[in-house]
Amino acid sequence: MRAIVYSQTGDSGVLRLAERPVPEPGPGEVRVRVVRSGVNPTDWKARRGALSHAEAVPNQDGAGIVDATGPGVTGVARGDRVWLWEAAWGRPDGTAQEHVVLPERQVVPLPDGASLDLGASLGIPALTAHRCLTVADGGPDRLAPGALDGRTVLVAGGAGAVGNAAIQLARWAGATVVATVSGPEKAALARAAGAHHVVNYRTGDPAAEIRAVAPEGADIVVEVAPAPNAALDAAVTAPQGVVAVYANNGGDEVTLPVRALLTRNVRYHFVLVYTVTAAAKDAAVADVRAAVEAGALRVGEEAGLPLHHFPLERTADAHDAVESGVVGKVLVDVAPE
Ligand SMILES: NC(=O)c1ccc[n+]([C@@H]2O[C@H](COP(=O)([O-])OP(=O)(O)OC[C@H]3O[C@@H](n4cnc5c(N)ncnc54)[C@H](OP(=O)(O)O)[C@@H]3O)[C@@H](O)[C@H]2O)c1
């Protein structure tokens, strides 16, 4: 089978096309014929980072069709369409290859009508967004229709991949959603994702604009850029609110106005999708699966997430597109459906 591999870290030039044997699933494992591989910033960051295996296949997310199951697998069967999460976390085998073997837990059925493009876009962004939306003091710790009724969610960077998932999941759960963006094109995408209100964080007085539509403030802030947004978040987070930080875009060191935050009992909660508890991960997978079944998670420009497809042999270009900050979702076409 064809696979993209790298045996040294560095820029995208380290990625090369190779032939590998088709792997066999062991007990509790599932082999998936990968159709689509999803690319996230974590994939190029890992490729530039430290290599912990002699050879690695990149990309955490993907979607495809089950083509073999090992002993003891009960939740999926040959022929099922599925999405995959964290394929390359702590393992040398990501989704940029024609077949991947994974523990059954990381192979989730896709309902009829949900595309493999959607499936390959879920893992990292949707599971991260779910965690950010479920760390508030007093809950909810699960997302479902009504779970966030009466809450206001502020999504920083609503046109990003995680931001898009956060908007869609928060809307599904009943929240009032405010998103920030850097310009009019991204504003249109955040609205298409479902944001009720969109504020340009680069112009005017974003804190006043957010307060105008959410006078009580935001109960949950889904934050991609905690350093540049520290003052804004302090100005607009509601009493007992949480700032859920999932990235360090714009700087790794944060200066906080302690008094403004402590008087409102605001909490900062840091999120790394890979290291959340197993219970939190299981909850996220189950709720994202339910959201997909309800048709509440979508991809494409009409859902605020334009898709960019690259053939497998151009996985390096796909990585470069993500690294250069392309707007939307980058997908690698591994094989025809
Ligand atoms: N902790 C985790 O588990 C986890 C999971 C997934 C992703 N991440 C990290 O999260 C980051 C985003 O990932 P992604 O896939 O969503 O990337 P993406 O699609 O490129 O989105 C990044 C977004 O951040 C926005 N942004 C940057 N600075 C901002 C600011 N000061 N205020 C508001 N928005 C701002 C950008 O919008 P503008 O360009 O318009 O500002 C862009 O829309 C990456 O660093 C990634 O590594 C972490």
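In the predicted model described here, Gly123 lies in helix 2, which spans residues 116–132; helices (H or I, at least four residues) and strands (E, at least two) are DSSP runs numbered from the N terminus. Residues are numbered from 1 along each chain as its sequence is written, and side-chain values use heavy atoms, with hydrogens and water left out. Because the model is predicted, local features need pLDDT of at least 70 and side-chain atom pairs count only at pLDDT 80 or more, whereas totals for chains, interfaces and linings use all residues.

With a relative accessibility of 1%, Gly123 counts as buried, the term being applied under 20% relative accessible area, with exposed over 50% and partly exposed in between (1.4 Å probe, protein chains only). Leaving aside neighbours within four places in sequence, Gly123 is in contact with Asp61, Trp83, Leu84, Trp85 and Thr128, contact meaning heavy atoms within 4.5 Å. Trp83 is 40 residues from Gly123 along the chain, and the C-alpha atoms of the two are separated by 7.7 Å.

The largest pocket holds about 1,100 Å³ of space. It is lined by 42 residues, of which Pro41, Val224, Tyr246, Ala247 and Asn249 are the closest to its centre. Elements that give two or more residues to this lining are helix 1 (41–48), helix 2, helix 3 (161–172), strand 9 (176–181), helix 9 (315–323) and strand 15 (329–333), and helix 1 gives the most, with four residues. By class, the lining of the largest pocket divides into 23 nonpolar, 14 polar and five charged residues. The second largest pocket has a volume of about 320 Å³, and of its 21 lining residues the closest to the centre are Tyr6, Ala46, Gln60, Ala88 and Arg91. Pockets were located on a 1 Å grid over the protein atoms alone, as open sets of points where a 1.4 Å probe fits, with protein on both sides within 12 Å along at least five of seven lines; lining residues have an atom within 4 Å of a point.

In helix 9, the buried residues are Thr315, Ala318, His319, Ala321 and Val322. Seen down the helix axis, these residues fall within an arc of 160 degrees, so they line one face of helix 9, the arc being that of the directions from the axis to the C-beta atoms. The buried residues of helix 9 pack against strand 1 (2–5), strand 3 (29–39), helix 1, strand 14 (307–311) and strand 15. Just after helix 9, Gly325 takes a positive phi of about 85 degrees.

Most residues other than glycine have a negative phi, and most peptide bonds are trans. In the model, Gln240, in strand 12 (residues 237–245), has a positive phi of about 70 degrees and is partly exposed, with a relative accessible area of 47%. Asn265, in the loop between helix 7 (258–262) and strand 13 (267–270), has a positive phi near 55 degrees and counts as exposed at 51% relative accessibility. The peptide bond from Gly139 to Pro140 is cis, with omega near 5 degrees, and Pro140 is placed in the loop between helix 2 and strand 8 (152–155).

Notes: Points joined across faces, edges and corners; volume = space filled by probe spheres on them. Nonpolar A, V, L, I, M, F, W, Y, C, P; charged D, E, K, R; others polar.
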